[in-house]
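Please examine the structure shown below and follow the explanation that comes after it.

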Amino acid sequence: MSDQKEATLGTPAVDFETERPTESGAFLSVRDLRVHFKTDDGVVKAVDGISFEVARGRILGIVGESGSGKSVTSQAILGLHKGSNAQVSGEIWFDGRELVAASEADMRKLRGSEMAMIFQDPLSSLHPFYKVGSQIAEAYLVHNHVSRREARRVSVEMLDRVGIPNPDSRYDDFPHQFSGGMRQRAMIAMALVCSPKLLIADEPTTALDVTVQAQILELMKGLAKEFNSAIILITHDLGVVAETCEDVVVMYGGQCVEKGPVDDLFYRPEMAYTWGLLGSMPRLDRTRQARLTPIPGTPPSLIQVPRGCVFNPRCRFTERVPGNRCVTEHPDLLVTAAGHEVRCHIPGPERRQIFTDEILPTL
Amino acid sequence: MIRFIIRRLLGAVVVVWIVSIVTFAIFQLAPRLSGQSPIYYYIAKQPPPPGSVQFKELEHAFGFDRPLFNQYWHWLSQIFHPHTIRNGAGTTAEAASCHVPCFGYSFKLHTEVSTLIWQALPVSIGLAVGASILWLVGGLIVGTISGLRPGSIFDRVGMVGTLAAVSVPIFFTGPILLLLVVYNWKWLPNVSYASITADPLQWLKSMILPWIALAFAFAALYARLTRANIIETMGEDYIRTARAKGLSRRKVVIKHGLRSALTPIVTIFGIDLGTLIGTTVITETVFDLKGLGWLSINAIRQQDLPVIMGVTILAAVALVLANVIVDALYAVIDPRVRLS
């Protein structure tokens, strides 16, 4: 087992044989996932029926505002809600296994070894009392029966791979002795040390300055390609999505409101919320730009989710739908083009018309 | 690391020095503000009439006729110089030699203060250390189990119980324990204190109840503190990271959770333990132990100033020392402390 791991770590071999087809054929398939938290104020529907798929070697972006359910979704895939007050339902098929019903013991074997996660704030995500290197070695030792010396060797190698200078001496540093960018590199090293097949990066670059952001994204992309991993990149930064991802899921109020290939989402978006996101994105490729257009209103309460379309209280186009359906009827996520799905009552041709006539000129 | 400890030790010396000034000011100078000579509190008998030759001789012997600043140095230097102390002139006077460290002589108890302290200190230390082990073990276990499962039956019962325990004073739990364990159930004999070197078994028998009584309230406090810290720590991002690595629950809790959660408790524990040296008056009174608390309360009752001053300074030194040890321990536990 450890020999095999080393082989994948040492050479950029592509390990297609271990990839077993799931029912739908995708490597990771999330179906109608719901994560509800029971609180004193009521049930918080943090994630309410989300579905997506990711293949190995592909990068999926999940975009949305704070509180739209992005992080909760990713933590549900790792089974981190087990043992909390969360109620998780739906299906998560990972490499032929169903994870929602899996036991904590089974999930533990997958966590870190086959699926790993990079968290948002590397300073608070690393334990302040333990050496950076030993925290990476710990992740390796959980899943590999090797000596501490061997774990150290692998960890130092990993630190080197993520671009930390003098990895052998930096191994013995504590997290507070690292800079922000180096901490995130260490987190990536920790996540990749067992060559996981699925990497979930939860806003990996939000705490970093822009120059470091680009390096970290490149690093993740490169390593994922090398290990042929599937990546889920969670972010609220559309620029990051455009640069990195191949497919995008737009989340709003715990639901998927639009998803599709990255080009469709950026050049042919059909959902009012996606338009809003694009309008509020600063762009450098324009010589002159008017003020950014914010999306009016605030994200919905996840306890009292708006009736009808979850976005209707903030949507400018509700009056274009006859019969007040936006407020009374919850729209389905419907296919509008190959691989492109939209949750909106406005008919497809009319949506596209609105985008080209009213939205595109303002972007 | 060594520089860190040396810095802390130097700081501790400064603190003890300041304490000595304050102690001196309170007990030597304060009586004068009410127009009294402190002589009375030192000789344990009616002093000669003020202004008389004998009175002036006494004042001179104790150094009270010197200027204030000089008086303080005189008092401080006497600690390190063996000398003879008299409580008067002539044949009726009592004379006593005082050995280093000389904190004075109690003419009430006819013993050197350092001897009195030396006799009482083992009792107090034995009481404090034994009780602290009990409350630490009890408090940490209850607090950890509660904190890992907040809202569970154990947690609810435990927290109500600890609230009750915190609310009940030692002068209530102490006599109740004595009544039940010794007199009603006769589980323990009614033994008097013996030093641990003289008779370890009797020492143990005499100390068990005081330990329990003293540990009771502290254990409850530590259980609540531990619980709060555990709950906070288990919500930290690095705990989520540890779980995401695939670590077992036991490893997540013990290696990643407890180590952070218990660090602040080290601080409080050290200070509590240091404070207890010389302040366990009630426990010592209830269980008839002749420790520092008993010594000081008796000295206060009899206006035996040299003893009060001696115990005060010792208690201060114990607390400062406990703080230094805590600081050193903290640096070992938390790497972030070492650099700053």
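Chain A is divided into domain 1 (125–193) and domain 2 (271–362); such bounds come from an automatic or database domain assignment. The C-alpha centres of these two domains of chain A lie 43 Å apart. This is a predicted model, in which local features need pLDDT of at least 70, side-chain atom pairs count only at pLDDT 80 or more, and totals for chains, interfaces and linings use all residues. Residues are numbered from 1 along each chain as its sequence is written, while chains are lettered from A and ligands numbered from 1 in the order in which they are written.

Chain B is likewise assigned a domain 1 (2–113) and a domain 2 (119–334), and their C-alpha centres are 35 Å apart. Between them, 20 residues of domain 1 of chain B are in contact with 19 residues of domain 2 of chain B, where contact means that the C-beta atoms of two residues, placed from the backbone, lie within 7 Å. On the domain 1 side, the elements that give two or more residues are helix H1 (2–33), helix H2 (39–43) and strand E3 (105–106) of chain B. Helices (H or I, at least four residues) and strands (E, at least two) are DSSP runs, numbered from the N terminus. H1(B) provides the largest share of this side, eleven residues. By class, this side of domain 1 of chain B has 14 nonpolar, four polar and two charged residues. Here Ala, Val, Leu, Ile, Met, Phe, Trp, Tyr, Cys and Pro count as nonpolar, Asp, Glu, Lys and Arg as charged, and the others, Gly among them, as polar.

As a whole, chain B has 14 helices and four strands, and its C-alpha trace spans about 85 × 55 × 40 Å along its principal axes. Of the 340 residues in chain B, 36% are buried. A residue is buried if 20 or more other C-beta atoms lie within 10 Å of its own, exposed if 12 or fewer, and partly exposed in between, with C-beta atoms placed from the backbone.

The two chains also meet: 23 residues of chain A are in contact with 17 residues of chain B. On the side of chain A, two or more residues each come from helix H3 (104–110), strand E6 (115–118), helix H4 (122–125) and helix H5 (132–143) of chain A. H5(A) gives the most, with four residues. This side of chain A divides into eleven nonpolar, seven polar and five charged residues.

Which residues have the most contacts inside the largest nonpolar core? They are A:Ile136, A:Ala186, A:Ala189, A:Val193 and A:Val250, in a core of 110 residues. A nonpolar core is a set of buried Ala, Val, Leu, Ile, Met, Phe, Trp, Tyr and Cys residues joined through C-beta atoms within 7 Å. Helix H8 (residues 180–192) of chain A gives the most to this core, with eight residues. Leaving aside residues up to four places away in sequence, A:Ala186 touches A:Leu126, A:Val132, A:Ile136, A:Leu159, A:Ile164 and A:Phe178. Apart from this core lies another, of 64 residues, among them B:Val113, B:Leu116, B:Ala219 and B:Phe287.

Helix H9 (residues 237–244) of chain B is largely enclosed by the rest of the structure, because six of its eight residues are buried. The buried residues of H9(B) are B:Tyr238, B:Arg240, B:Thr241, B:Ala242, B:Arg243 and B:Ala244. Their cover includes E6 and H4 of chain A together with helix H10 (249–276) of chain B.

Two packed helices are described by the angle between their axes and the distance between the axes. Helix H5 (residues 113–148) of chain B and helix H12 (residues 292–301) of chain B pack at an angle of about 135 degrees, with axes 7 Å apart. The contact involves B:Leu116, B:Ala120, B:Leu121 and B:Ser124 of H5(B) and B:Leu292, B:Gly293 and B:Leu295 of H12(B).

Finally, some backbone details deserve attention. Most residues other than glycine have a negative phi, and most peptide bonds are trans. A:Glu203, however, has a positive phi near 45 degrees; A:Glu203 lies in the loop between strand E7 (198–202) and helix H9 (210–227) of chain A. A cis peptide bond joins B:Val100 and B:Pro101, with omega about -5 degrees.

Methods
Axes fitted to C-alpha atoms, helices over the stretch in contact; angles between N-to-C directions.
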